Structure formats: structure tokens, C-alpha cells
Amino acid sequence: PASILAAKAKASNGNSTTTAAAPLTAPLASLLGAWPTFKFAPIRESTVSRAMTRRYFADLDAYAEADIVIVGAGSCGLSCAYTLGRLRPDLRIALVEAGVAPGGGAWLGGQLFSAMVMRKPADVFLSEVGVPFEDEGDYVVVKHAALFTSTVLSKVLAMENIKLFNATTVEDLITRQIEGEEGVRIAGVVTNWTLVSMHHDDQSCMDPNTINAPLVISTTGHDGPFGAFSVKRLVSMKQLEQLGGMRGLDMQSAEDAIVKNTREIVPGLIVGGMELSEMDGCNRMGPTFGAMALSGVKAAEEALKVFDL
Ligand code: AHZ
């Protein structure tokens, strides 16, 4: 029945495609036409509550001590998580994202347009994760930015050693004094539900939670309601004198600079993606995403170097 439905759909819209119809798997196909006798398996409401909360609290417990925390699950943070997760399935990686929907600005290619542009050689990352693209010579085009984001996201979420804590904001950094030196080492993050973080001005004392980790990778994007979080905090805690401030748009130079400068800023804190433009005073690149993917890859490489992992 499934292949008949697919064939009918093709016939009715009149569009001819070269893609062959793919039959549904037998268990799903067996539902088609069987709705009159259809019934879900039984369940009690508390079972659903426990199925969710038991797992979430087990994750909170396990990830209270992580190996790496990635702050921000935009295009850079997700690319970094993918690379680390592939190379080191033994590391426990917490990915903390303020939004309910991970992906940052990478659900659209630019303005409200769908297609996402990546300059070569960032196409190697698309091939690695299995995102199809059109080759236009020096650059490639993914038909919808959401295809990039959802594909990388699905790979990251499927990795056993990565937990995404979305709707969770990093409110502060955990610091340790380095013995005999002036500076601090970053030793984890301070978290809160994003909805709580947004109400610190009108509700009193809603204390946060913490994740200890020897390494934090911050990819919170350029300044905005949530962006450039870690580098701004480094200034307010006097670990950095001032930020360079993101410069105007220069596609040609901006992407190389972001990838090359992706690095450990203070001990225990690597910064990548557009957060780095605020730190270093780099140009923005606007709607071309290759640097975000490859800055994520470089941040992963730097992370493994820092800890000699
Ligand atoms: O919600 C933010 C977004 O998903 C998240 N984030 C920010 N602050 C956070 C905090 N705790 C937890 N304190 C936080 N999460 O970080 C993510 C940043 O994603 P993004 O897409 O904004 O940044 P990116 O550096 O990955 O990609 C930038 C894409 C841009 S901006 C740009 C330009 O303006 O010219 N060009 C490109 C390609």
C-alpha cells in the first residue's frame, strides 16, 4: 500500500522526478489501511513523568562532572560537538544551549532566505556529515540551512557521550586561581533554566546550578541578548582588559580570521565562531557559514591539544 500511495502522490501533483519511490518499512506499512482496529499500547500518566524525569536527573547527575562543556549550540558549537564526539567517544561532553531550539542563526541562510552558502574548503565538513550540496566552483550551496543544522544536530544527539541541555543558559563561569600566577583557570560553568535567567531582574534570588569541567568551549555568537557571553564575562571579571568589538562585514577576510584565531583565550576556555569576532575585533562575514563549521572543527582540535587527550 505504501508504494501505491507514493505513486498516487507523484501522479497527482504532475511533477516527474527521477527519484524512485522508497517503500516504507513493513511494520509502518502494515498500519496503512488498518486504522479502524488501531490502538496504542496502554500507559499511566506517572509512567510518562518518570520516563522523562528519571533520565533527566540521571543526566544532571552524570554531567555535573563533564570532560568538556560546549556553550552554545549554533553552527559552530554543533560542528565542534560533532567533531569531538566522533574523535573521542570516551569523553563526556555537555552541550548547553540557551534556546529551546538549538541551531542559533543557522536555520536560515541569511535574511529570511533558505539556501546556505559555504565557501570551499568547508564542503569537506558537509561531506563528512552527509549534507548534500550544489557545487558552484569556489563555494557550495545547501538547499536549506535547516538541512545542515538538522543533520549535524541529529548526529550529535545520537552520540552516547554528548548530552544537550537546551533551554539552559550559562550564567557564569567557574574559576580557579592558578597557583603563583595572577590569572584564573576556567573550571566549569554556572547554569540556570533560560526562563529563570530571563527573570533575574523581577524575581529575587533564584540560585543556579553548576557543571564542573576542565575545559569549556564557548561558541555563543556575536553580541546580542545572549551572545558573546564568555568573553564579556572575562572582561567584567578583569581577566581581559577589553573586547576588540566585532567590525563591519568583510566576507573575504572574516572567515579566514575566525578559523585561524579559534584558540584557548584563558586557561581552560577555548572560544570559537562569532564570539571570537567580539574578542579579537574581527570583521563579520554575514551569510556564509564555512568558517562556523571549520572553527568548530578547530576548536575540537585545540581542545584535544590543550588536554593532550
Ligand atoms: O542561543 C545562542 C545560540 O544558539 C547560544 N547562547 C548564547 N549565549 C548563551 C549562554 N548560554 C547558553 N550564555 C548561549 N547558550 O549560543 C548560540 C550561538 O549561535 P550563533 O549562531 O549565534 O553563533 P555561531 O558563532 O555559531 O554562528 C554565527 C553565525 C553567523 S553570525 C554572522 C554575522 O553576523 O555576520 N555570520 C554568521 C555566519
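Which residues are buried in helix 4? In this predicted model, the list runs through Ser75, Cys76, Gly77, Leu78, Ser79 and Cys80, then carries on with Ala81, Tyr82, Thr83, Leu84 and Gly85. That makes helix 4 mostly covered, with eleven of its 13 residues buried. As for its geometry, helix 4 reaches 18 Å from its first C-alpha to its last, close to the 18 Å expected at 1.5 Å a residue.

Strand 7 gives the most here, putting four residues into the lining. By residue class, the lining splits into 24 polar, 18 nonpolar and seven charged residues.

Then there is Cys205, which comes with a record attached. An unreviewed UniProt entry lists Cys205 under "modified residue: 2,3-didehydroalanine (Cys)". Where does Cys205 sit in the chain? Cys205 is in the loop between helix 7 (194–197) and strand 9 (209–212). Is this residue buried or exposed? Cys205 has a relative accessibility of 65%, so it counts as exposed, the cut-off for that class being over 50%. Cys76 and Cys80 of helix 4, by contrast, are buried.

How values were computed. Residues are numbered from 1 along each chain as its sequence is written. This is a predicted model: local features need pLDDT of at least 70, side-chain atom pairs count only at pLDDT 80 or more; totals for chains, interfaces and linings use all residues. Side-chain values use heavy atoms; hydrogens and water are left out. UniProt positions are given in the numbering used here, feature names are shortened, and annotations may be inferred rather than shown by experiment. Helices (H or I, at least four residues) and strands (E, at least two) are DSSP runs, numbered from the N terminus. Buried means under 20% relative accessible area, exposed over 50%, partly exposed in between (1.4 Å probe, protein chains only). Ala, Val, Leu, Ile, Met, Phe, Trp, Tyr, Cys and Pro count as nonpolar, Asp, Glu, Lys and Arg as charged, and the others, Gly among them, as polar. The expected span of a helix is 1.5 Å times one less than its number of residues.
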